[in-house]
Amino acid sequence: MSIRVLIADDQSMVREAFVVLLNAQPDIEVVGEAVDGDDVLVKAAALTPDVVLMDVRMPGTDGLEATRRLAGRTKVLMLTTFDLDEYVYEALRAGASGFLLKKATARELGDAVRIVANGDAMLAPSVTRRLISAFARLGPPRPFTGEASGPLTPRESEILTLIAHGLSNTEIAGSLVIAEQTVKSHVSNILTKIGVRDRTQAAVYAFQTGLVTPYGGARSHDPPAAP
């Protein structure tokens, strides 16, 4: 079955370009277009898309507010130019499952839609660098008490750190020399233990709690990796 996509952007040329690119993918179908946040809420309810490709800035109800209202009902892939870094953090908090630069290639666009539709979250390295930069400007994270990652095993803490640095399951498996299915199991356990819905939220959690610092790397007192 095709992945059903709703495109939300106030610029008609942008919408038309994404429609052409996505409809050229054999497993993706654009089921509708929306011109602002209010429009996307109405059309998402009527069309039940698998993924909403959402522009951050739109007139009236913007993409951030629309994403908040869609949280838990429809997966959102946020479109951004990263000209305002604070939007990255706010969109994560609002419930976006990933980010995509408007200059993305057709292949990157298709892959991003598939990743989000599959229930995963797309946190590319370029997004991670912007996120780290944003956290650095926001100042130091809340003091790390040990309670936040207490339920995690040493291996889970290690994997959460790698998630926060933007590594995919495949890259984590290669880095730790373990099976990708093992990584998936660990990620599932991590999400359950820390009470978040996807790996993007898990990355935010890692920064918020100080498990990972904005200046790169885990805190020095984190437990060593388990074998």
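User: What does pLDDT stand for in practice, and what is the mean pLDDT of the protein chain?

Analyst: pLDDT is the predictor's confidence in each residue, from 0 to 100, and because this is a predicted model, that score comes before any detail. The mean pLDDT of the protein chain is 79, with 76% of its residues reaching 70 or more.

User: Which stretches have a pLDDT below 50?

Analyst: Residues 139-149 have a pLDDT below 50, although the model gives this stretch 21 contacts beyond near neighbours in sequence. Over residues 215-227 the pLDDT also stays under 50, and there the model has 25 contacts beyond four places in sequence. Where pLDDT is low, the predicted coordinates should not be read in detail.

User: Why is helix α1 called roughly perpendicular to helix α5?

Analyst: The axes of α1 (residues 12-23) and α5 (residues 106-117) come within 10 Å and cross at roughly 75°. Angles of 65 to 115 degrees count as roughly perpendicular, and therefore α1 is described as roughly perpendicular to α5.

User: What makes up the contact of α1 with α5, by residue and by class?

Analyst: From α1, F18, L21 and L22 meet A106, L109 and V113 of α5. The residues of this contact divide into six nonpolar, no polar and no charged.

User: Which residues are closest to the centre of the second largest pocket, and what classes does its lining have?

Analyst: This pocket has a volume of about 180 Å³. Of the 13 residues that line the pocket, T74, K75, S97, R197 and D198 are the closest to its centre, while the lining as a whole has three nonpolar, five polar and five charged residues.

How values were computed:
Residues numbered from 1 in each chain as written. Predicted model: local features only at pLDDT ≥ 70, side-chain atom pairs only at ≥ 80, totals over all residues. Heavy atoms only, no water. Contact = heavy atoms within 4.5 Å. 1 Å grid on protein atoms, 1.4 Å probe; cavity = no way out; pocket = protein on both sides within 12 Å on 5 of 7 lines; lining within 4 Å. Points joined across faces, edges and corners; volume = space filled by probe spheres on them. Nonpolar A, V, L, I, M, F, W, Y, C, P; charged D, E, K, R; others polar. Axes fitted to C-alpha atoms, helices over the stretch in contact; angles between N-to-C directions. Helix = DSSP H or I, 4+ residues; strand = E, 2+ residues; numbered from the N terminus. Parallel < 35°, antiparallel > 145°, perpendicular 65-115°, else oblique.
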